[in-house]
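Here's a quick walk through a protein chain, with the sequence and the 3D view alongside. Have a look at the fold before reading on.

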Amino acid sequence: MRQLIHKSPIGPLSIPGVLGEPEPGEPFEVEDDIAESLLEQSDLYAPADSTELTVPELRKIAEERGVDLTGMRNKADIAAAIAAHEETPTVGATDPTATDPGAASTEKTDTQEGGDEQ
């Protein structure tokens, strides 16, 4: 994994392999092979320099993303918490049919059986 930043003048970008849409100058992590292809666009992407963001800037990013920073004071811990939060999968967590394709068909079967009995 490598940390990069983007320098897009249009604001947040949706980047393949990255959860969320990082702001310009905000570090994000990508797999090495994706990082290599992004770095070929040197006018848009650059390796993240840990000194670019200040602790207050990192705290603001964490707040915007709902990351708990209780007890964290240094830049490395805050950046790690943000990165860990971004890796947490949330897709389909509240939709039972997203993880169980049979869940929707069960409802149809129950309805069909109930209709046949009448």
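In what order do the elements of the protein chain run from the N terminus on? They run β-β-α-β-α-α-α-α, which comes to 5 helices and 3 strands. Helices here are DSSP runs of H or I with at least four residues, strands are runs of E with at least two, and both are numbered from the N terminus.

A bit of bookkeeping: this is a predicted model, where local features need pLDDT of at least 70, side-chain atom pairs count only at pLDDT 80 or more, and totals for chains, interfaces and linings use all residues. Residues are numbered from 1 along each chain as its sequence is written, and side-chain values use heavy atoms, with hydrogens and water left out.

pLDDT is the predictor's confidence in each residue, from 0 to 100. The protein chain averages 75, and 69% of the residues score at least 70. A contact means heavy atoms within 4.5 Å. Where pLDDT is low, the predicted coordinates should not be read in detail.

**The strands**

Strand β1 (residues 2-6) runs antiparallel to β2, joined by 3 bridges. β1 is also joined to strand β3 (residues 45-47) by 3 bridges, again antiparallel. Strands count as paired if DSSP finds at least two bridges between them. Within these pairings, L4 stands opposite F28 in β2, and I5 stands opposite A46 in β3.

A46 is buried, with a relative accessible area of 16%. Buried means under 20% relative accessible area, exposed means over 50%, and partly exposed is in between (1.4 Å probe, protein chains only). Leaving aside neighbours within four places in sequence, A46 is in contact with L4, I5, K7 and L39.

In the loop between β1 and β2 you'll find S8. Is S8 buried or exposed? At 7% relative accessibility, S8 counts as buried. Its side chain reaches the backbone nitrogen of I10 at 3.2 Å, a polar contact (N or O atoms within 3.5 Å, one able to donate a hydrogen and the other to accept it; residues adjacent in sequence count only if both atoms are side-chain atoms). Beyond four places in sequence, S8 is in contact with L13, P24 and L44.

Which residues make up the largest nonpolar core? There are 10 of them: L4, L13, I15, V18, F28, V30, A35, L38, L39 and Y45. β2 (28-30) and α1 (32-39) are the elements that give two or more residues to this core, and α1 gives the most, with 3. A second, separate core has 9 residues, including L53, I61, L69 and A81. A nonpolar core is a set of buried Ala, Val, Leu, Ile, Met, Phe, Trp, Tyr and Cys residues joined through side-chain atoms within 4.5 Å. In soluble globular proteins, nonpolar side chains tend to be buried together.

Y45 touches I5, H6, K7, L13, I15, F28, L38 and L39, not counting residues up to four places away in sequence.

**The helices**

The buried residues of α1 are A35, L38 and L39. They fall within an arc of 95 degrees seen down the axis of α1, so they line one face of the helix; the arc is that of the directions from the helix axis to the C-beta atoms. These buried residues pack against β1, β2 and β3.

In helix α2 (residues 55-65), L58, I61 and A62 are buried. Down the axis of α2 they fall within an arc of 100 degrees, so they too line one face of the helix. On the other side of α2, P56, K60, E63 and E64 are exposed. Just after α2, G66 takes a positive phi of about 75 degrees.

A81 lies in helix α3 (residues 75-87) and counts as buried at 13% relative accessibility. Leaving aside neighbours within four places in sequence, A81 is in contact with V67, L69 and M72.

| Pair | In sequence | In space |
|---|---|---|
| A81 and A62 | 19 residues | 8.1 Å |
| A46 and G25 | 21 residues | 9.2 Å |

**The whole chain**

Buried residues make up 25% of the 118 residues in the protein chain. Of the contacts with a separation of 6 or more, 43% are between residues 24 or more positions apart.
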